[in-house]
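How do helices pack against one another in this model? The report below takes up that topic.

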Amino acid sequence: MDKSKIVFHSIALITLVVVFLFFWYLIENTHTEIGQQPTANSQQPTADSHLYLLLPISLLAILLGVACAFYLEERLPPTNWFRRLIESEVAIFTGIPSLLYGLLAVEIFVSYTLGSSGQGWGVLFYAEVLTFIVLVMPLTIRTTQAALRSVATPIRESAYALGASQWQVLSNQVVPLAFPGILAGCCRAMSRALAAAALLMGIHTWGYTHETAISAGIHSRYVLLLVAALLFSTFFSFLKENPT
Amino acid sequence: MKQNVKTKIEISDLKVHYGNKPALNGISFDVYENEILGIIGPAQSGKTTLLKVINRTLEFTADATVEGSVKLDGVDVSTIGDVYGLRRKIGMVLPLPVGLPLSIYDNVAFAPRTAGLRNKAELDEIVERCLQQAALWDEVKDRLNALGTKLSGGQQQRLTIARALSHQPEILCLDEFSIAVDPITTMRIEEVLKMLSTEAKMTIMLVTNLVQQAKRLANRTAFFLNGNLIEIDTTDVIFSENPANQITYDYVNGNFG
Ligand SMILES: Nc1ncnc2c1ncn2[C@@H]1O[C@H](COP(=O)(O)OP(=O)(O)OP(=O)(O)O)[C@@H](O)[C@H]1O
Ligand SMILES: [Mg+2]
């Protein structure tokens, strides 16, 4: 494993940990009134309307991911530090099994539909949105980049040799060839988002068993396991020889 | 050699590295206007790299660095702002036929279209002329809308030749075009190249692994080895009993290595 790769992975990992701790802090500070039933007159949107927001947001994140991948792959040289940093982050995120994102989403979701009231749900809702974005976007970036890379260099070179501009090469050659791959990646990402949403639906209809769980101390163990699992998969992608 | 030759391409002290690995070690020579220059040399000698420097497609290889200069009509190509215009002056035929994922017609019409030509009648004319020049017209005239990638290897190679001619380049670079082409078609294309040289006044750089092809076509021949230009001279001298270097003689006569 070459040295600069370790450096970039370390920087990526450190930024991730900082962001993670920050959100952890925000979420913890909204747990104050856990155990309350959501009241009929509260200003919280219902769980359903949250879900209906999460899915379009995921779709947007996927489209943004595709755009991001185009930018990284077609506009920046492989040696560019920004590209390498993003690719390291993406490698770490895609190394995390989607089940973990699902569990994280459930944890946040249960907290905000059951637990907090007033200000709290806002932050939690953003945390939920972020979970979904992180669930779909790195995967999309990665699959799109792979699809773009699969278009053989000679095809690009021949098109350029004929005097085509980068835009013409992209729109006439690269995109038509890479399109099936890009679409497949988007579908995979969307299925992740839908599955996570379905999980939340299930939990929601499942009822308010969470309350009992909290009093039984399951909650903290659940969180502990989740964090441990996240850490392990993060280290896994960190240690993997060839992350991209 | 001919009198009053004009220099078309002037290469001076050209060095190319891929990362730390040298591919061309400071080569200098001129390409004259309207000549056919044969470039021969074993694998890895830097022939393809040289062509890529001229039309600046080497820029897509991230770790490649270029030193020295290549001047086209007296202008250093690396300083040319309109790189697309530069590439349109140069027709490039790559060793393995790369059919763009388009129909036969669209493959040939691609370059004129990217240059802004929209007139259907003119495009039709260009497509027909180029396909005829590449000795492909008769075989494909009934299925111009079929995918170019569905043609046989040799046909695809001729399609790339037609494509390279479609923007009426001043210089035509062919990189081992006959790899995938049968001998009879090769002969037909060679006739076309001679015709382009004499009638269309094109400057042709012909990279070839078939030394006899250089002997048949080239006015002058350059011999490359491991990124060095060993010798460049009129084809008669290179293929004579006494070229300047023994190694040239050995390579040309097939007792190399
Ligand atoms: N994209 C690349 N990245 C790294 N090294 C390269 C690349 N392309 C070529 N090289 C190296 O540069 C040297 C010259 O290669 P080049 O393709 O120019 O040779 P060539 O004379 O065209 O050979 P051939 O007859 O096999 O086509 C070789 O040592 C090759 O390994
Ligand atoms: Mg070559």
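## Helix packing in chain B

Helix α3 (residues 104-114) of chain B and helix α4 (residues 120-133) of chain B have axes that come within 9 Å and cross at roughly 115 degrees. That makes α3(B) roughly perpendicular to α4(B) (angles of 65 to 115 degrees count as roughly perpendicular, under 35 as roughly parallel, over 145 as roughly antiparallel and the rest as oblique). The crossing of α3(B) past α4(B) is right-handed (the near helix is turned clockwise from the far one by less than a right angle). From α3(B), the contact includes Ile104(B), Tyr105(B) and Val108(B); from α4(B), it includes Leu123(B), Ile126(B) and Val127(B). Contact means heavy atoms within 4.5 Å. The residues of this contact divide into 10 nonpolar, no polar and three charged.

This is a predicted model, in which local features need pLDDT of at least 70 and side-chain atom pairs count only at pLDDT 80 or more, while totals for chains, interfaces and linings use all residues. Residues are numbered from 1 along each chain as written, chains are lettered from A and ligands numbered from 1 in the order written, and side-chain values use heavy atoms, without hydrogens and water.

Helix α6 (residues 153-165) of chain B packs with α4(B) too. Their angle makes α4(B) oblique to α6(B). α4(B) passes α6(B) in a right-handed crossing. Arg129(B), Cys130(B), Leu131(B) and Gln133(B) of α4(B) meet Leu159(B), Ala162(B) and Leu165(B) of α6(B).

| Helix pair | Axis distance | Angle |
|---|---|---|
| α3(B) and α4(B) | within 9 Å | roughly 115 degrees |
| α4(B) and α6(B) | 8 Å | about 130 degrees |

Key. Axes are lines fitted to C-alpha atoms, for helices over the stretch in contact, and angles run from 0 to 180 degrees between N-to-C directions. Helices (H or I, at least four residues) and strands (E, at least two) are DSSP runs, numbered from the N terminus. Ala, Val, Leu, Ile, Met, Phe, Trp, Tyr, Cys and Pro count as nonpolar, Asp, Glu, Lys and Arg as charged, and the others, Gly among them, as polar.
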